[in-house]
Structures are given as C-alpha cells and as structure tokens.
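Hi,

Here is the model I promised to pass on.

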Amino acid sequence: MSFLLEVKGLKKYFIQKKTGLSWLKGGRGDQDLYLRAVDNVNFEIMKGEALGLVGESGCGKTTTAKCIIRLIEPTEGQIIFKGEDIANLPKKEFKRVRKHMQYVFQDPVGSLNPRMNVKSLLAEPLRNFGISKDKDEIEEKVISLLKTVGLSEEHMNKLPRELSGGMKQRVGIARAIAANPEFLILDEPTASLDVSVGAKILNELVDLQRRLNMTYLMIAHDLSVIRYVCNRVAVMYLGKIVETGNVEDIFSDPLHPYTEALLSAVPIPDPNVKTKRIDLKGETPSPINLPKGCRLQNRCPYVFSACTSDEPELIEVKNRHCVACHLRTKS
Amino acid sequence: MSENLLLNVTRLSTYFYVYEGIMRVLDEISFQIRPREIFGLVGESGSGKTVASLSILRLILPPGRITSGEVIFEGTDLLKLPQKEFSRIRGKKISMIFQQSRTALNPFMKIGEQIARIYRTHEGLSKSEAMEKAIYSLKRFRIPEAEKRVESYPHEFSLGMAQRVMIAMMMACNPRLLIADEPTTGLDVTTQAQILDLMKEARDEMGTSILLITHDLGVAAQTCDRVAVMHAGHIVEIADVEVLYERPLHPYTQALLRSIPRVDKKVRISDIPGFVPSLLNPPRGCRFANRCTKVIQGVCEKIKPKTIEIDRGHLVMCHLYGGS
C-alpha cells in the first residue's frame, strides 16, 4: 500500500510556564504544565481518499491539521508526505512541499484579507509558488478557478465584504486549489453556512475530488457532513484517535463507546426515526490533567478495571478498522 | 377555540427603519402555541426567527418597531400592556434562553445570586429562602454539587453547563412559555442531546410550552411537536412535525429538506440556487419566487400568496395550492 500521507506519533504539547498560580490549573506550582492537545496520533491517507476527522470541540482536530502543514510546529512525531518526512524540514525547503498541500480555513471571513480583491487573493498562490508570472495568464487562470468553484468573472474585482458567506468560502476553496495541490485540508468548510448554501459547497467538494483525484483531510463536528464527503473516518477524543475505519463500517458498526455515543446523539431530520441514545455522563477532563488509563473512563458506560490502569492502544480489529478500547481488544 | 391556546400571534409585523429604507423583517406572521407543546420555528439565517421571538417579548429596539399585529398570551394582548405590567409577565410567565448563555449571564455575579434574584423579584422571597430555591433549581437541572456551584461565576462553567444554569434560571418561576433561541448552537452533539432532553423534561414535568428557534432541521425533527418554516420574514408552512417531514408542501420546505446530508443513510443532497431577496423593498409577491423551481410565471412574483389550511393544522403559503 502506498500512502500519500502518513502521520506517526504526532504530538503537540503546549507548555504553560510555571507561575505562582499554576496550582489553580491542577499543577504543584513549581513545575511547567503541559497541555496535551495532540498526544501520539497515528493515521494514514491513501491517494484519492477523503479522511474525515471528527470529535468534539477541543479534542485537537484543528491542531492536528495545522501541525501537518506546520502552521503549528509539532512537538514530536513524523509526518511523511509522499515518502518524505516533512516534520523537520527547514522552512525554505518546506515551501516546495507546501505547494502540494493546501488548507481551507473554518472562518471564511477571517481567512481572506479584507483589502485584497478576489483576483489578487487568487493570484497570490499562483505567483508565490511560481506557477505563472504573466499577467494575462494569471487572469485566465483566476477566471478558470472561479468557474471551477461555481463563481464567475464578475466576482473578480469584488472585495471579500461584498461577497456572501458561501461565496467567501468558495473563494477560500479556489485559493487552496490554485496551485493544483494533491492534498487538501478542509477545516469545517460548511460549519458557518446555511444548509442550502452548505449543500452546494459539499456537492462541489465531492465533485472536485472526483474530477481532480484529490486527497482530502476534512475536519467536521457534523457527522452527516463527513458521511456525505468522506470514505474514511478517524474519531478523536482528547488528543487521541480512538477509532478509524471506512465510513460505512464506522457508521453502521461503531466499535468504540465514544463513537457510538457521538453517532447516537446526532439528531436525524426525520421525526419517525428515533435513535437509541447512549449517554456519556459528566464532562471531558482537562487536557492538562489527564487521567491514568483510558481518557474516556469517567464518562464511559462500559468502564471496567483495565480502563483505569492501562491506556488502550489503537489496534486493527478488522480490515483497516482500528479501535483503541479494552472492550474490543482484551477479549 | 381560543381557550385552548397559550399564545396566539396574529399578523405580527416588525419593521426596521434604517437609513436606506424600511426593512420588512417580519411580515404579518401568524402562529399559535398550545399548552404543553414544543413549537419549532425553523429557517435559515436572516429569515426573521429571532426577531419574531424578540417581538413577542417586546425586546425590539429602535430602529426596529412592531408595526402591527397582536400577541395574545393567556387572553391578554402583550403588545398593548403597559410596560410595568408587562415586566411582571416577562421573566415569570414567559422567559427566554439565548444562544450564548455565558454572555447572557452577568459575569460579575455569582450564579446562585443571579438565580435567587429571580425568586426575590417575582415571588418576593427572602434572601435565604431564595438561595435555597436556587440550589434546588440547579439540582433539578442536574448541575453536580449544586451547593458549591452557587458560589461560582459564569466563566467557571463550561458552555454546556452554562446553558443548563440558564435553563434552571429561566425555569425558576415555572413559566408557562419558554422561548429558546438556538439553545444548542455551538455546543457539541452529545451536550446538545442532553440540553434538548432537559427541555423536554421541563415540558413533561411542569407543562411548560416551548418555542424552539433553530436552524437545525434535525433538532426540530427530534424535539418539536409542531414546526413552522420561515423564509425571508414570512411563515411559509406550519404543520405537525411528522406531516411536515413526510409531506412537505411548500417548495421551500421541500428544497430545505433535500439540502441536508444524513448520518443514518446515504442520500443525495441538492442546494437551493439563488439568494434570499433583500428585505429592503422586498418583492411584492412571494419572496421565494426567484429561487422556486415551481414558480407560476406572472402570478408568484406579483401577488403575495395567502396562507391556506390544506389539512387540519397544515397551513401553507403558496400559490400552487390556490387561495389567490
């Protein structure tokens, strides 16, 4: 099997320097605290696959994605892109790789420079990655990019504030695919949009992937969106991946209690379909003060002795369906 | 008929008088809420859901103004009540929870004190009695260690907990009507499910009617008894929840239901082309006409459709079903 991207043992710890008040956050006050946002994450994406990364807010989805394109420098771990470890490449060399991996940000408003019009926003990556220097050629490319995402020539001279939320998000996508990347990271591409507009973006993403044979890493908290676009899923909880597998396997037969609870909590837009809810009690522990053993132990309905002593590892139980839970792996 | 209704909103219009002209944000909307009912108001952003709820509570500030209509609550028209009498109803018989509860709570006041104040204002209890009741109400909505938590400030609560505190606070006086404006937006799905359960429980135990405002058709389907669909300041369809999702009549409702992906099965989704018209000088006819696939040329753009009852309790505002 050849993977386009392999993430091995990725860690990102944010240090909270010791202060007189550290004891407030659960430390002793005389040592630095580590917020383990991403803690030993492993996954791989094959070419042409779309992997959905799901989990509740604060579980480290975005940090993982930003580490991959090194908008955040990882603390530890390997990021192997097309057979090359890019986690420690010097900035200058990284630019060569960066051309092939692009990022669509969650907030379409904040990620577009308000003083640049659509044309210059889209021309920037073309110039930056040395794809084109000729003015007319750039204009031509910008127009074709706009058409790819369902906008037209007339939007070229508009400023971001003159566009609707859906259009802004499409400009964000157009900018990301400008340099013909092989790998696209989509961070909640439809979370801020109305359903009728979001549907259009989702359909365009599915279509783009088919036409250009792109590889996606899509972050979403909405599981129905993942089901629509992706063919693989990774479920994250508190900085760890607890389950990965094909979309159909995970949605029809979730193995981890957390995945099960997450799926059962999604409200289905059909009053005749009632799901049996699996309720997680209590609250997510703080990523500074992690419990020993499984991170879900205080909320899991099936908790038993092994859960409080050993941390479960991600183990393959079926074909490319991995789970990190003592229930499934110890028996 | 009318004694069976808790709230009867008829032809309510709210306009915003801005520099560019008049924004007709609510245009003659009518709906009824029965006792013990969870009534959903769904629609996309800018459709007027929030303005509708604020109008009921008379919280519209200039340049907005309620220009016409009636809001009959338990037999009295809220819009005609003097301010002083209305204050006695708002917070006691009708209360509201907001989307961002942490910003709706006073950041400088302990939670217990904030809840106790409601009892002191509306029920005239003494300080210690009120605090006791505050602790009890937190317990009722499953805040762990309620005795300790009354001493906490809002920032010490997680978003989901803050929303629970807010519900406890708003249910403090056993209101007849609870207005919940996107109470779970921005929360995680697991927390969302818990909050919605709490609200259903409140309805079952105390018989409170709930006006639930949401953009999420899934939430509406799983929570509400009846649902009204809003589009650009109009209510285009009202029906019992099963009927609305099974046999939607209005082209907008149909399109909306086709645009959401599902978690339980693979479906094809399609978007709604075009844009919601500007509410400044909106089109004279149907406000969905420019996006509608079933538009009747020469009729829909020119004449505002009447709301007609197709079936018992199934109202639709569309020329396709006659009534013009």
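B:Arg58 sits in the loop between α1 and β4 of chain B (helices are DSSP runs of H or I with at least four residues, strands are runs of E with at least two, numbered from the N terminus). Its phi is near 55°, a positive value in a residue other than glycine. The loop between α1 (49-56) and β4 (64-73) of chain B is also the place of B:Pro63, and a cis peptide bond joins B:Pro62 and B:Pro63, with omega about 10°. B:Arg142 is not a glycine either, yet has a positive phi of about 55°; look for it in the loop between α5 (127-140) and α6 (146-149) of chain B. As background, most residues other than glycine have a negative phi, and most peptide bonds are trans.

Some housekeeping: this is a predicted model, so local features need pLDDT of at least 70 and side-chain atom pairs count only at pLDDT 80 or more, while totals for chains, interfaces and linings use all residues. Residues are numbered from 1 along each chain as its sequence is written, chains are lettered from A and ligands numbered from 1 in the order in which they are written, and side-chain values use heavy atoms, leaving out hydrogens and water.

Now the interface. On the chain B side 38 residues are in contact with 36 residues of chain A (heavy atoms within 4.5 Å). Together the two chains bury about 3,400 Å², 55% of it on carbon and sulfur atoms (accessible area, 1.4 Å probe, lost on being put together and summed over both parts). Three salt bridges turn up across the interface (a side-chain nitrogen of Lys or Arg within 4 Å of a carboxyl oxygen of Asp or Glu). One pairs B:Arg262 with A:Asp270, where the closest N and O atoms are 3.9 Å apart. In chain B, α8 (189-206), α9 (217-223) and α10 (241-246) each supply at least two residues of the side that touches chain A, and α8(B) gives the largest share, seven residues.

And the second largest pocket? Its volume is about 870 Å³ (the space filled by probe spheres set on grid points joined across faces, edges and corners). For the pocket itself, the rule is a 1 Å grid over the protein atoms alone, a 1.4 Å probe, and an open set with protein on both sides within 12 Å along at least five of seven lines; lining residues have an atom within 4 Å of a point. There are 34 lining residues, and those closest to the centre are A:Gly282, A:Glu283, A:Thr284, B:Ser158 and B:Thr191. α8(B) supplies the largest share of this lining, five residues.

Cheers
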